[in-house]
Amino acid sequence: MGVAMGVAVSSDGKSGKWPDCGQSGDETSIDVCICTFKRHSVVDTIASIAQQELPKNTRVRVIVADNDEASIKEDELLALGHRLGIALVYRHAPARNISIARNACLDAAQADWVAFIDDDEVAEPDWLAQLLASARAQQAEAVFGPAMAVYPDTAPRWMRANDFHSNIPTRRGDTVETGYSCNVLMRWREGLAPAQRFRLELGRTGGEDTEFFFRLFRAGGQLGIAWDAIVREPVAEKRMSASWIFRRKLATGAIYGAFAPDQDGRGRATVFVLAMAKAAYCALRALPAAVNSERLAFWAMRGAFHIGVCTGCLRPPRAEMYGHG
């Protein structure tokens, strides 16, 4: 497979249009979307996109949606795009609602494919090539790749052993029902995704991406996994505690419980009862594991997820996660 290091085109941040590069019919275009909120790490994220090893005749543009109240990063990010030689579009999408920023990215998208990556992640050099190859091979509307946590030396052993902070795509049976926006590629120009947008009422609670991809799945979109399309995310110090992980598992479970029922005919009561049984099983497994911190943490956090599913079946998520680390 031939590769092109980087993307040698100029920024066009004001118009938001693709630069005129003599596009031919056999070229593939990808818009890489990054939603940012007060994180300097977005610079490293953009740099990793500029260093992508791309298949021949593939062009990339970066869309940055700034969710901050003031557009203070616009000049800095447009200058960065110019310096890196990558087309970059800046959109100011206030304030503190991630769905607003995600939708601003989708509104600006013009490419054959749309990818999302978080503003605290760095992509491996073959990230986009692996996503694109997997999506084509699986004839998928969207494919999800692993977002691997990078732990500091101070991280406790039980946390490293269980790798609680990584986001790994999952199947239920043989089916991928939903996914996340931290590492995803979606078919855009000829796909089902352009008809969808992220729900604003979930933009502060979290779960907006889980619900979005559930909806894409229900619309008939086949979802897949690109195991070799890897991004990496350093774990922030404030997230290295059992209490943070426990709250996160509860929230993730609540999101699943709110949106998973009725995907395949299972009613909300069925999902609730199954989750209660699984939570009880986790509690039983945790008791003999009390002397082993790694196994105790595993069963406790797994139980927290299933308790969260129960709460999500009863009412939608209400706790605000976005903007609070």
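Which residue in β6 does D31 stand opposite? D31 stands opposite V114 in β6. The structure described here is a predicted model, in which local features need pLDDT of at least 70 and side-chain atom pairs count only at pLDDT 80 or more, while totals for chains, interfaces and linings use all residues. Residues are numbered from 1 along each chain as its sequence is written, and side-chain values use heavy atoms, with hydrogens and water left out.

Helices (H or I, at least four residues) and strands (E, at least two) are taken as DSSP runs and numbered from the N terminus. Two strands are said to pair if DSSP finds at least two bridges between them. Strand β2 runs parallel to β6, to which four bridges join it. Strand β2 is also joined to β4, by nine bridges, and these two strands run parallel as well. Within that pairing, V32 stands opposite V62 in β4. Nine of the nine residues of β2 are buried, so the strand is largely enclosed by the rest of the structure; buried means under 20% relative accessible area, exposed over 50%, and partly exposed in between, with a 1.4 Å probe and protein chains only. In a regular strand the side chains alternate between the two faces of the sheet. In β2 both faces are covered, with T28, I30, V32, I34 and T36 buried on one side and S29, D31, C33 and C35 buried on the other.

Strand β10 is mostly covered, four of its five residues being buried. Five bridges join β6 to β10 in an antiparallel arrangement, and V184 in β10 is the bridge partner of F116. Strand β8 (residues 142–144) also runs antiparallel to β10, through three bridges. Here V143 stands opposite L185 in β10.

Helix α3 (residues 98–108) is mostly covered too, with nine of its 11 residues buried. Among the buried residues of α3 are I98, R102, N103 and L106. The buried residues of this helix pack against β2 (28–36), β4 (58–66), β5 (87–92), β6 (113–117), β10 (183–187) and α6 (208–218), where contact means heavy atoms within 4.5 Å.

An open sheet of three strands has the order β7-β12-β9 and mixed pairing. Its edge strands, each pairing on one side only, are β7 (122–123) and β9 (147–150). Strand β7 pairs with β12 (residues 231–234) in the antiparallel sense over two bridges, and A123 has V231 in β12 as its bridge partner.

Two helix pairs were also examined. Axes are lines fitted to C-alpha atoms, for helices over the stretch in contact, and angles run from 0 to 180 degrees between N-to-C directions. The axes of α1 (residues 42–50) and α2 (residues 74–84) come within 10 Å and cross at roughly 25 degrees. Helices α1 and α2 are therefore roughly parallel to each other; angles under 35 degrees count as roughly parallel, over 145 as roughly antiparallel, 65 to 115 as roughly perpendicular and the rest as oblique. In their contact, V42, V43, I46, A47 and A50 in α1 meet E76, L77, L80 and L84 in α2.

Helices α7 (residues 242–259) and α9 (residues 293–314) pack at an angle of about 40 degrees, with their axes 6 Å apart. These two helices, α7 and α9, are therefore oblique to each other. Residues of α7 including I245, F246 and L250 take part in the contact, as do residues of α9 including M301, F305 and I307.
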